[in-house]
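Please examine the sequence and the structure shown here. The paragraphs that follow lead from the parts of one chain to the contact between chains and then to single residues.

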Amino acid sequence: MTEQYRTDIQDTPRPRRHLSPKGKWPRQATGYLMIAPAIIFLLLVIIYPLFEVFRLSFFEFTGLRDQTATFVGLKNFVSLMDDRIYWISMKNTLIFVIATVILHALIGLVFALALHQRWPSNRLRDLVRGLLILPWLFSMAAAGLVWALLLNALGPINYLLVASGILERAIDFLGDRDTALWALIAVNVWKSYPFYMIMLLGGLQTIPPDLYAAAKVDGADRWQRFAFITLPLMRSILVATTAIDFITTFGVFDLVRTLTNGGPARSTITLGYYTWLVGFRDVDFGYGAAISVSMLIIMSVAMWFYLRLGREMIYG
Amino acid sequence: MVSALGHLGRRLRMPRYLTIYGVITAILLAIGLIVVLFPIAWMVFASMRPLSETFGSPPAWFPREVTSTAYTKIFSDPRQLRYQFNTYIISLSTAILSVGLGALAAYGFSRFKIWGAEFILLSIMALQMLPGVSIIIPFYNLARRAGVWNTYLAMIMADTVFALAISIWLLKSYIDSIPTDLEEAAMVDGCNRFQSLYRIVLPLLAPGLVGTATFAFLYAWNDFVFATILRDGHDLMPMTVAIGNFFTQANRDWNAIMALNTMATLPLIAIFVFLQRWVIQGMTAGALKE
């Protein structure tokens with residue numbers, strides 16, 4: 001995961017002059033020609049919709065079949081401020097994101113450290129690493145349904161909890177307003193923690209072993225070596241990983257749509273799901289776009305943070 | 001206690017990993033493996049045994065009676081086959097399209113001086129991280145206006161946008177590692193740029209292309225958001241959405257849900273077994289590297 005995969009921009013080989021065939025065609029033009037299809041595609045299919053979502057958020061749409069748009073300025077955003085469901089969604093989303101990110105980081109770090117130890121056999125380590133990545137291959141919907149079966153009132157988890165006396169009687173985890181959001185968090189933690197494990201493992205492998213040897217000579221114990229070498233050197237990758245996780249988790253939709261549809265009693269409604277509800281059930285594009293814009297603003301703050309760190313990582 | 005054990009370990013010349021920390025690590029990993037593998041096993045078990053075993057008290061931890069009812073039901077239902085077909089079509093097309101566009105762009109970024117290349121590459125990566133759900137409304141509008149709503153093309157294009165960023169990054173780092181001398185030699189021998197790309201770089205790039213395609217395939221396979229808003233009805237529905245629909249029905253057919261779930265996941269696990277290195281590389285490519 002180290003040298004071979006580096007994509008540092010600095011390392012890009014400088015194009016050599018004599019590489020160009022002699023001719024009237026300016027050599028750099030070929031380069032632009034080659035990136036053009038991808039760039040045009042991205043401009044059309046993502047930059048334009050991104051611009052469009054901001055524009056739509058200033059309009060009100062009336063009529064189901066033939067939508068007529070009226071410019072209403074900031075009205076949609078003003079309505080958002082007193083929209084109780086919006087704030088419930090915001091609260092649920094933040095609980096979901098923060099709990100997920102913390103649990104992901106802890107579990108990912110523990111497994112990354114475990115896989116980074118000296119193992120009796122490297123083959124065994126690679127096998128365990130492969131097995132621990134498996135949940136990441138599941139789609140959110142598929143992972144959600146597996147856990148819906150496990151967390152069912154008649155399922156094995158309830159059986160074990162009741163049989164061991166932890167619970168008095170079985171709980172329908174997804175059907176109870178106190179537990180439903182946490183059940184979704186559990187599914188997301190199970191499905192996505194391998195991302196952290198792999199990222200952090202890659203980070204651990206870049207720490208020079210000499211540092212640990214030197215610390216050992218100086219009498220640092222295992223915990224001190226972890227606190228004063230591993231953690232500081234892993235800080236940037238840990239922050240970058242959590243920032244990415246924050247952004248991807250912030251848009252949670254699949255899980256909610258598949259498992260709970262926001263219920264029971266709106267206890268699992270998230271911003272992503274609310275956007276879809278407003279846009280596609282109520283067919284209120286302007287208001288839906290306003291919710292999206294509010295999400296994008298919150299995320300770009302995180303993104304700004306992330307890009308700054310990315311730059312620091314690249315240029316040290 | 002700890003130091004006594006360590007001392008004992010040294011006295012008995014035990015292997016270095018057999019320390020108290022080694023034991024704790026092993027226990028944690030064992031718990032981790034159970035939590036990871038049990039749900040997967042439970043899914044496969046539930047798909048191939050009577051429901052009474054899955055929901056018994058206590059449930060049967062291993063299948064006693066194996067039936068293929070759920071799978072026979074799926075394979076004899078044209079609709080179910082259609083869902084699978086749709087998923088394959090969308091995923092394969094996304095893989096081909098994003099690798100094609102990605103390889104060309106990656107070559108351009110790697111071998112030519114592009115004005116603002118760093119900014120463009122960082123922006124592409126940032127855009128790719130946006131949750132799809134935040135642009136579903138303009139996506140829907142755009143697809144409607146372009147007349148591609150409720151077509152494979154709409155879903156393929158949406159998935160490609162998100163898979164393309166990773167493709168460009170992965171392939172660029174791969175091309176960066178291929179020496180330019182080979183191409184120079186080919187050009188001295190009279191190849192033009194595209195011939196040298198086709199004859200020299202492409203064969204060397206083959207493993208990179210396979211890996212990148214895998215990643216794009218995986219992304220499209222598991223997409224749910226775009227498949228929800230860019231189509232209607234059952235004709236173009238992929239497996240992810242179909243499984244979800246099963247669940248919302250009043251009478252949950254857990255056998256069928258888990259059979260479909262197994263069939264939606266096993267191909268990915270099979271791919272992963274063969275292309276593990278590439279999947280892992282794709283996972284970390286999203287992070288601008290260490």
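In chain B, six residues of domain 1 are in contact with six residues of domain 2, two residues being in contact if their C-beta atoms, placed from the backbone, lie within 7 Å. On the side of domain 1 of chain B that touches domain 2 of chain B, the elements giving two or more residues are α2 (20-47) and α3 (51-54) of chain B. Helices (H or I, at least four residues) and strands (E, at least two) are DSSP runs, numbered from the N terminus. The largest share of this side of domain 1 of chain B, four residues, comes from α2(B). By class, the side holds four nonpolar, two polar and no charged residues; Ala, Val, Leu, Ile, Met, Phe, Trp, Tyr, Cys and Pro count as nonpolar, Asp, Glu, Lys and Arg as charged, and the others, Gly among them, as polar. Domain 1 of chain B covers 2-67 and domain 2 covers 75-285, with bounds that come from an automatic or database domain assignment. Their C-alpha centres lie 35 Å apart.

This is a predicted model, in which local features need pLDDT of at least 70 and side-chain atom pairs count only at pLDDT 80 or more, while totals for chains, interfaces and linings use all residues. Residues are numbered from 1 along each chain as its sequence is written, and chains are lettered from A and ligands numbered from 1 in the order in which they are written. The model scores ipTM 0.85 and pTM 0.86. Chain B averages a pLDDT of 85, and 91% of its residues score at least 70; pLDDT is the predictor's confidence in each residue, from 0 to 100.

Chain A contains 12 helices and two strands. Of its 316 residues, 40% are buried: a residue is buried if 20 or more other C-beta atoms lie within 10 Å of its own, exposed if 12 or fewer, and partly exposed in between, with C-beta atoms placed from the backbone. One of the helices is α7(A), residues 180-205, whose 26 residues reach 38 Å from the first C-alpha to the last, close to the 38 Å expected at 1.5 Å a residue. That expected span is 1.5 Å times one less than the number of residues. α7(A) bends by about 40° at Ser192(A), and Pro194(A) follows within four residues; the bend is the angle between axes fitted to the seven residues ending at a residue and the seven starting there. The helix α7(A) is mostly covered, with 22 of its 26 residues buried.

The contact between the chains takes 94 residues from chain A and 91 residues from chain B. Helix α1 (residues 27-56) of chain A gives the most to the side of chain A that touches chain B, with 18 residues. The residues of that side divide into 64 nonpolar, 21 polar and nine charged.

Two residues may now be considered. Ile136(B) lies in helix α7 (residues 136-145) of chain B and is buried because 28 other C-beta atoms lie within 10 Å. Leaving aside its neighbours within four places in sequence, Ile136(B) is in contact with Thr275(A), Trp276(A), Gly279(A), Val225(B) and Ile229(B). Leu238(A), in helix α9 (residues 222-250) of chain A, is partly exposed, with 18 other C-beta atoms within 10 Å.
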